[in-house]
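I opened the notebook to look up where this structure leaves open space. My entries on its pockets follow.

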Amino acid sequence: MSTPPSDTLFADDAAARRVEALYRTPDIVAQRAAIRAALALAPGERVLDVGCGPGLLCAEMAQTVGITGAVVGVDTADSMLRIAGRNRNGLGQLSILPGEATALPADDGAFDAVVCIQVLEYVPDVAAALAEFRRVLRPGGRLLLVDTDWASCVWASADDARMRRIVAAWDAHCPHPQLPRTLPTLLTAAGYDVVHVEALPLLSVRRSENTYCEGMTDVIARFVVRSGAISPEEAAAWRDDLARREAEGTTFFSLSRFMFIARCEGGGR
Ligand SMILES: C[S@@+](CC[C@H](N)C(=O)[O-])C[C@H]1O[C@@H](n2cnc3c(N)ncnc32)[C@H](O)[C@@H]1O
């Protein structure tokens with residue numbers, strides 16, 4: 001059986017720690033703040049975080065909903081569940097469970113809100129996941145999605161042809177590298193009302209230490225070499241070029257994630 005591409009990104013503990021480090025950069029901390037502001041949770045609400053990864057958003061949301069509310073984080077990767085468990089910080093209102101986006105361990109109508117951040121692009125059957133989110137949302141509940149469109153990537157390089165080859169090879173890391181442009185249609189077909197859409201840019205210019213861009217350079221280089229699409233020598237030359245730009249202060253990286261908030265009136269069943 002072939003290995004799903006995302007397994008090489010999240011399955012082992014070292015890879016999960018790299019994702020956690022990436023998600024602790026100021027770029028992603030700021031995006032989580034924007035997500036929490038848009039979600040506008042109130043004390044006492046029940047929230048499900050599907051594909052919770054290192055659980056950083058779970059812990060933040062648990063502080064907001066307080067002990068009268070509940071946050072449940074689910075993920076398919078044991079490595080991520082271990083990290084999310086450590087990041088739980090003893091919060092009694094936060095549970096971390098194994099769970100698959102298309103078969104959630106939750107009752108019908110159990111949640112006021114479902115969030116799914118940078119996960120649907122890894123789920124082969126997106127329509128099945130949206131139906132499952134609707135099943136576990138109460139009538140009138142809200143769904144917040146964030147996904148990346150990798151075609152929005154602008155990344156300065158001394159060798160643009162090589163850069164394009166590397167970003168194209170990276171597209172194989174998930175089944176839907178350009179998912180956001182299809183989400184309004186998929187959400188409507190699944191019975192949701194899309195009430196808010198927003199671009200969340202990630203931008204690094206000049207010096208870019210401890211940024212999403214810097215962390216992703218490492219993640220992408222490992223993936224494209226392991227997939228066999230790019231030789232180790234070419235990936236090393238790419239990284240050297242980016243390091244030189246960093247030293248010169250000529251880094252330019254821009255990538256857009258897109259946030260969707262949708263409501264469902266009827267529940268899924
Ligand atoms: C890019 S990380 C995002 C983590 C987290 N949502 C965040 O934004 O910090 C993607 C996560 O989705 C998980 N994942 C991938 N496919 C999944 C699925 N079908 N069901 C549940 N989780 C999944 C991965 O194990 C990984 O932890």
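These entries go through the pockets and their linings.

I noted that this is a predicted model, where local features need pLDDT of at least 70, side-chain atom pairs count only at pLDDT 80 or more, and totals for chains, interfaces and linings use all residues. Residues are numbered from 1 along each chain as its sequence is written, and side-chain values use heavy atoms, without hydrogens and water.

**Entry 1: the largest pocket.** I looked up a pocket as an open set of points on a 1 Å grid over the protein atoms alone, where a 1.4 Å probe fits, with protein on both sides within 12 Å along at least five of seven lines. The largest one holds about 750 Å³ of space, a volume being the space filled by probe spheres set on the points. I found 40 residues lining the largest pocket (an atom within 4 Å of a point). F10, G51, D75, Q118 and V119 lie nearest its centre. By class, the lining has 24 nonpolar, 10 polar and six charged residues. Gly counts as polar here.

Which element gives the most to this lining? I found α3, with four residues. Helices are DSSP runs of H or I with at least four residues.

**Entry 2: the second largest pocket.** I read a volume of about 190 Å³. Its lining includes W155, C213, R239 and T251. α9 (212-226) and α10 (232-248) each give two or more residues to the lining of the second largest pocket. α10 gives the most, with five. By class, I noted four nonpolar, three polar and five charged residues in this lining.
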